[in-house]
Amino acid sequence: MSDGVDEKPREIIRFSDRPTSQRSSSPASGDLFGEDDYGRVLLTSLIRAQLGATLSILIPAAALLLLYPSMAVLIPAVARARLDGVPVTLLVLGGGIYPPLVLLGFWYVRRAQRIERHFASLLKDQ
């Protein structure tokens, strides 16, 4: 039932029908989703490497964040200490923890980029 308007048949575009300029820049990225086990092994190794990098940052960060408050609770003299009238707790929690956390953040970014470069090189080497 048409109202005099020419209806064009709908065109179905599949992933493989896209021009090559729109495809991924990595020549072997199609192998990641293939039916063989190689792509699954590559993705599993990438996820494990990312998890290892994340845990290697989270554990020191958690220790850093929990160390001083737990010391202040276990040793009350630490909580009462003052430096020029300013509580040491305020100095440590307000300024002493942030620089190491920023350094851990930079370290994590560099490590994640290294993992991604290694993964991309594995894809290109195929």
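User: Before we start, how are residues numbered?

Analyst: Numbering runs from 1 along each chain as its sequence is written, and side-chain values use heavy atoms, with hydrogens and water left out. Since the model is predicted, local features need pLDDT of at least 70 and side-chain atom pairs count only at pLDDT 80 or more, while totals for chains, interfaces and linings use all residues.

User: Okay. What does the secondary structure of the chain come to?

Analyst: Helices (H or I, at least four residues) and strands (E, at least two) are DSSP runs, numbered from the N terminus. Here you get 4 helices and 2 strands, in the order α-α-β-β-α-α from the N terminus on.

User: What share of the chain do buried residues make up?

Analyst: Buried means under 20% relative accessible area, exposed over 50% and partly exposed in between, with a 1.4 Å probe and protein chains only. In this chain of 126 residues, 14% are buried.

User: And which residues form the largest nonpolar core?

Analyst: In soluble globular proteins, nonpolar side chains tend to be buried together. A nonpolar core is a set of buried Ala, Val, Leu, Ile, Met, Phe, Trp, Tyr and Cys residues joined through side-chain atoms within 4.5 Å. The largest one here has 6 residues: Leu42, Leu46, Ala53, Ile115, Phe119 and Leu123. Helix 1 (37-74) and helix 4 (98-124) are the elements that give two or more residues to this core. Contact means heavy atoms within 4.5 Å; not counting residues up to four places away in sequence, Leu46 touches Ile115 and Phe119.

User: How do helix 3 and helix 4 pack?

Analyst: Axes are lines fitted to C-alpha atoms, for helices over the stretch in contact, and angles run from 0 to 180 degrees between N-to-C directions. Helix 3 (residues 88-96) packs with helix 4 at about 25 degrees, with axes 6 Å apart. Angles under 35 degrees count as roughly parallel, over 145 as roughly antiparallel, 65 to 115 as roughly perpendicular and the rest as oblique, so these two helices are roughly parallel to each other. Leu93, Gly94, Gly95 and Gly96 of helix 3 meet Tyr98, Pro99 and Pro100 of helix 4.

User: Last one: is Pro60 buried, partly exposed or exposed?

Analyst: Pro60, which lies in helix 1, is partly exposed, because its relative accessible area is 33%. Leaving aside neighbours within four places in sequence, Pro60 is in contact with Leu55 and Leu104. Pro60 and Leu101 are 41 residues apart in sequence, yet 9.1 Å apart in space, C-alpha to C-alpha.
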